[in-house]
Amino acid sequence: MSKANKYICIHGHFYQPPRENAWLETVEIQDSATPFHDWNERINFECYAPNAAARILNKSDHIIDIVNNYSSISFNFGPTLLSWMEKASPETYQLILKADKASQKRFGGHGSALAQVHSHLILPLCNERDKITQTIWGIKDFEYRFGRKPEGIWLAETAANTETLEVLADQGIKFTILAPRQGKAFRKIGEEGWAQLGHAAIDSRRPYLFKLPSGKSIALFFYHGGIAQGVAFEGLLNNGIHFANKFMEAFDGNNTPQLAHIATDGESYGHHHSRGEMALAACLRHIEEQQLATITNYGQYLELFPPEYEVQIHENSSWSCVHGVERWQSNCGCNAGGGPGWNQEWRGPLREALDWLRDQLIPIYEKEASIFLKDVWETRNDYIDILLDRNQNTIDQFLQKHHTRSLSAEEKTKVLRLLEMQRHAMLMYTSCGWFFDEISGLETNQILQYANRAIHYAWQVAEVDLHDEFINRLKKAPSNVYNDGASSYLEYVVPARVTLDRVGMHYAASSIFEEYPEHLEFFNYIADSEAFYRLSAGKQKLAIGRTTVKSKTTLSTKHFSFAVLYLGQQHIIGNISLDMKQTIFDEMSERIQQAFQETNLGGVIGIMQEYFDKEKFSIWHLFRDEKQKILQLITEQSKEQVEKAYRSIYNNNYQLMVGISKSDIPVPEFYKTAAQFVIKRELMALFTNGSLNIRKLQHLYKEYQLWGLDIQNIQDFRLAVSNRILKEIESLEQTDDDIPKLITIHTILSVLEEVGAKLYLWQSQNAYFSLLNDQKADSWDYPSEEWKEAFLNLGQILGIEV
């Protein structure tokens, strides 16, 4: 069989569960992702960014090329993930978009990027309207980012049935990808009898036509299950060439066109499997260099070889549940391996509770929205336009298109609340909420946040209270940890709710520590300060203000007057008022400032009680990121005291520690703890502050050796060093003045290599490789032989073939 008839396509489904606080619309700090801010950031560092710059190694394990994997594979990114990446990692985001453009040139005009149904809902379990909206939103999000219409779309968990595929075809989608076990029967187009598959997997080497009741059709690709299984669970990414050879085993000896292809979680390539992106790059390079087959994507293959067979599918089937789509509605037995004796009986009652809530929200939406809108469901389908580019101009244009008459500011807010109610009524079905083992888990709490917010909107727009009944229904969901689903909901979800009052409290409390401008945009809100006064007297601080807080989402606005007294450490006393008149505020402000300046703290508290309600707020009302930031500021003084104590133990007992060590007696752990603390602090200071001191580093290295301390697993140190190395390489100039810097970087890497510190060097390698390629392309010349020698030596220790 000639190479011309052998084709290979690798698809990566890149997706993360939504992690944004449902009210703040931002990902708050996640301690489990340390040293990164959150898991999105961590997985981006380990997988999404490295796949845009994957290393190709030679036999000596030196880098000979850096390639963008996305331009050679088929891929989809979840829209919610891309919206995060657009702001949090714009360089990676742009490289992904560029890769799709490059793939169009490579694959006959067919881009490799696929769309995805927007919020990762299990479409077969959705009502028809949600199927349509989720598909439209996924397509429009794709068009906004990639600048073209998608040919294919990824279904969450590849969950499919005829109704779902009908919606895809109706929206102009040409193909989707399914698991091999989702095929039920096939026949050659034009023949009558169907070949039933039974328990056998379908032949994945060809596309199939799925004819729909409407008369339309859609092409289906069924990926190779064995190779996909090897990537995910059997170590196939340990060797790129072995990975490539696995594809070759999928072909048979006849001369008909054949496509060997797989679909897996994209996170396999770097996050689930370290250096998986390199195995992927090596696999693709080996296939091309050895001319084993032609790399393609689904759009190109479909044009070259239209389906000759048609197929029937198992209705309501998916790739991650052998029972169809039961994982998202019953205790089917599929789980992630939770605690012994656990079950997932909660899945059914949870879906029933959410279905009930959805069905209660529909008539509220239809009744209230129809007062203002021409077609309430078409308006919802178009609401993605605002989500993609939320600003006043976009909102005005959107409402102009859909309203039945001009709207007042209050009516605009109500319309936006109604649309947000519907958005959250879809987000609450995000598949991750059922995937894992326990109803009190993070993913389920996340979707219940969306449900809680939808309930809150229902009260705001129609004064319909659905909350108590929703809690009663959650009580029917058993928990493996709590009494029931309602218990964990009340403990974790309800307290996370954020109102404009809470936002005002956050602004007031944080104003004690932060220098805020008159106009401030934070999280999903805008604050405009009308008056602000801050006074200090030693540790005590007083802040008084009057401000307006506005929601970017619904344009709702509230005016606040506040007074906050800081007594030191975590002790804050704050009050807030929603209806204080300007004259009263001025009077209160003058009196309270005078009392503070007279050091009459009791008088300050008394005046606050006089002008404000009894309800107070404290530092614990701050949102998580700001709370942690301020607590770190507060604890800095204690940290200095701790450091002083550790340094005293270390310095005063240094000779004793040496003597104990030389006598082959174990050094007491409290001495080693002091040494670890002091040396790590000095190492961190060395790489985060000022110039790099080689002698200091070498001295600290000897100290680590002396006390047998562990440097390999200190992630924040490894990250700090890696970031500093990158900064130094990026600042290189092609002059002899930089020779000492080149030598310093080389020496640092040599020392740390001896220590065994595993640094995150891929970004530094990227920067160096770019400089090296520019030099080879005659963009610049080596300023001297000495500079050239130092530069090439640096490349060698970075693992680059120079």
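Buried means under 20% relative accessible area, exposed means over 50%, and partly exposed lies in between (1.4 Å probe, protein chains only). This is a predicted model, in which local features need pLDDT of at least 70, side-chain atom pairs count only at pLDDT 80 or more, and totals for chains, interfaces and linings use all residues. Residues are numbered from 1 along each chain as its sequence is written, and side-chain values use heavy atoms, with hydrogens and water left out.

**View A. Thr-158, a non-glycine residue with positive phi.** Its phi is about 50°. Thr-158 sits in the loop between β6 (153–154) and α5 (162–170). Helices (H or I, at least four residues) and strands (E, at least two) are DSSP runs, numbered from the N terminus. Thr-158 counts as buried because its relative accessibility is 0%.

**View B. Phe-523, in the loop between β15 (519–522) and β16 (525–537).** Phe-523 is not a glycine, yet has a positive phi of about 50°. Its relative accessible area is 29%, so Phe-523 is partly exposed.

**View C. The cis peptide bond from Thr-34 to Pro-35.** Omega is near 10°. Pro-35 belongs to the loop between β1 (6–14) and α1.

**View D. Asn-44 in helix α1.** Asn-44 has a relative accessible area of 8%, so this residue is buried. Contact means heavy atoms within 4.5 Å. Neighbours within four places in sequence aside, Asn-44 contacts residues including Trp-84, Met-85, Ser-89 and Thr-92.

**View E. Phe-470 in the largest nonpolar core.** A nonpolar core is a set of buried Ala, Val, Leu, Ile, Met, Phe, Trp, Tyr and Cys residues joined through side-chain atoms within 4.5 Å. The largest one has 180 residues; Ile-10, Tyr-70, Phe-77, Phe-243 and Phe-470 touch the most other members. Helix α10 (residues 347–369) gives the most to this core, with ten residues. Not counting residues up to four places away in sequence, Phe-470 touches Ala-353, Leu-354, Trp-356, Leu-357, Leu-448, Ala-451, Ile-455 and Tyr-489.

**View F. Helix α26 (residues 715–730) and its cover.** The helix has 16 residues. From first C-alpha to last, α26 reaches 22 Å, close to the expected 22 Å. That expected span is 1.5 Å times one less than the number of residues. Buried residues of α26 include Phe-717, Arg-718, Leu-719, Arg-724 and Glu-728. Among the elements covering the buried residues are α1 (39–51), α24 (669–688) and α27 (739–755).
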